[in-house]
Amino acid sequence: MARMNRPAPVEVTYRNMRFLITHNPSTATLSKFIEELKNHVLDWPFDDGAPPSNQIVDDWLSLVKIKFREDPGCCIAVHCVAGLGRAPVLVALALIEGGMEFEDAVQFIKQKQRRGAFNSKQRLYLEKYRPKRRLRFKDSKGHRNNCCIQ
């Protein structure tokens, strides 16, 4: 049997946002992984290799905005089967909404050992995506927070 590619979990940090793109579990860790998912995960499925629906994008960005506003410095874990397609797309959308250009978001995630991230359909989706600046956070004095933490 061929060995399955299991990329390591990767942390992606941009401005005040932190994400953990998780890996696919091994047979030995599958039961614990499922247990953790049941306790902590919102399930927003979309087809492997495809971009998310508008509803999933809206729900995802709403969650990201709420979590980072309520708990600055927290980290949001994002999971798909292998951590190479759907999870990186969602993280890229958050980076784009936070002010990063699509090319920079794609490259930034790929540099984090996610070379297999984004198929051509997902890349085209991200290229055509037009941000609404939903993740531009303001500080307590109402100024845009433009610091970058990497």
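These legends walk through several close-up views of one predicted protein model.

The model is predicted, so local features need pLDDT of at least 70 and side-chain atom pairs count only at pLDDT 80 or more, while totals for chains, interfaces and linings use all residues. Residues are numbered from 1 along each chain as its sequence is written, and side-chain values use heavy atoms, with hydrogens and water left out.

View 1. Helices (H or I, at least four residues) and strands (E, at least two) are DSSP runs, numbered from the N terminus. If you follow the sequence, the pattern reads β-β-α-α-β-α-α-α. The chain has 150 residues, and 39% of them are buried. Here, buried means under 20% relative accessible area, exposed means over 50%, and partly exposed lies in between (1.4 Å probe, protein chains only). The areas themselves come from the Shrake-Rupley method with a 1.4 Å probe, and for residues only the protein chains shown count as cover.

**View 2. An aromatic cluster formed by F19, W60 and F68.** A pair of aromatic rings is described by the distance of the centres and the angle of the planes. Rings of Phe, Tyr and Trp (its six-membered ring) pair if their centres lie within 6.5 Å; planes under 30 degrees apart count as stacked, over 60 as edge-to-face and the rest as tilted. By this rule, the structure has 3 aromatic pairs. One of them joins F19 and W60, with ring centres 5.8 Å apart and planes at 40°, so this pair is tilted. F19 belongs to strand 2 (residues 17-21) and W60 to helix 2 (residues 54-70), so the pair ties together parts that are 41 residues apart in sequence. Are F19 and W60 buried or exposed? Both F19 and W60 are buried. For F19 and F68, the ring centres are 5.5 Å apart and the planes stand at 85°, so that pair is edge-to-face. This second pair links distant parts of the chain, with F19 in strand 2 and F68 in helix 2, 49 residues apart. Like F19, F68 is buried.

**View 3. A salt bridge between the side chains of R18 and E11.** Side chains of opposite charge can pair when their charged atoms come close. A salt bridge is a side-chain nitrogen of Lys or Arg within 4 Å of a carboxyl oxygen of Asp or Glu. How many salt bridges does the structure hold? It holds 1 salt bridge, and in the R18 and E11 pair the N to O distance is 2.9 Å. R18 has 28% relative accessibility, so R18 counts as partly exposed. E11, at 38%, is partly exposed too.

**View 4. A patch of negative charge on the surface, made by E101, E103, D104 and E127.** Lys and Arg count as positive and Asp and Glu as negative; His and the chain ends are not counted. Patches are made of residues with over 30% relative accessible area and no salt bridge: like charges are joined within 9 Å, and nonpolar side chains (Val, Leu, Ile, Met, Phe, Trp, Tyr) within 5 Å. The place of a charge is taken as NZ of Lys, CZ of Arg, CG of Asp or CD of Glu. E101 sits in the loop between helix 3 (86-97) and helix 4 (102-111).

**View 5. Two glycines in loops, G99 and G116.** G99 is in the loop between helix 3 and helix 4. With a relative accessible area of 21%, G99 is partly exposed. The C-alpha atoms of G99 and P131 are 8.4 Å apart, although these residues are 32 residues apart in sequence. G116 lies in the loop between helix 4 and helix 5 (120-128). Its relative accessible area is 52%, so G116 is exposed. From G116 to G85, 31 residues away along the chain, the C-alpha distance is 7.9 Å.

**View 6. R15, a residue other than glycine with a positive phi.** Most residues other than glycine have a negative phi. What is the phi of R15 near? The phi of R15 is near 50°. R15 is found in the loop between strand 1 (10-14) and strand 2, and R15 is buried, with a relative accessible area of 16%.
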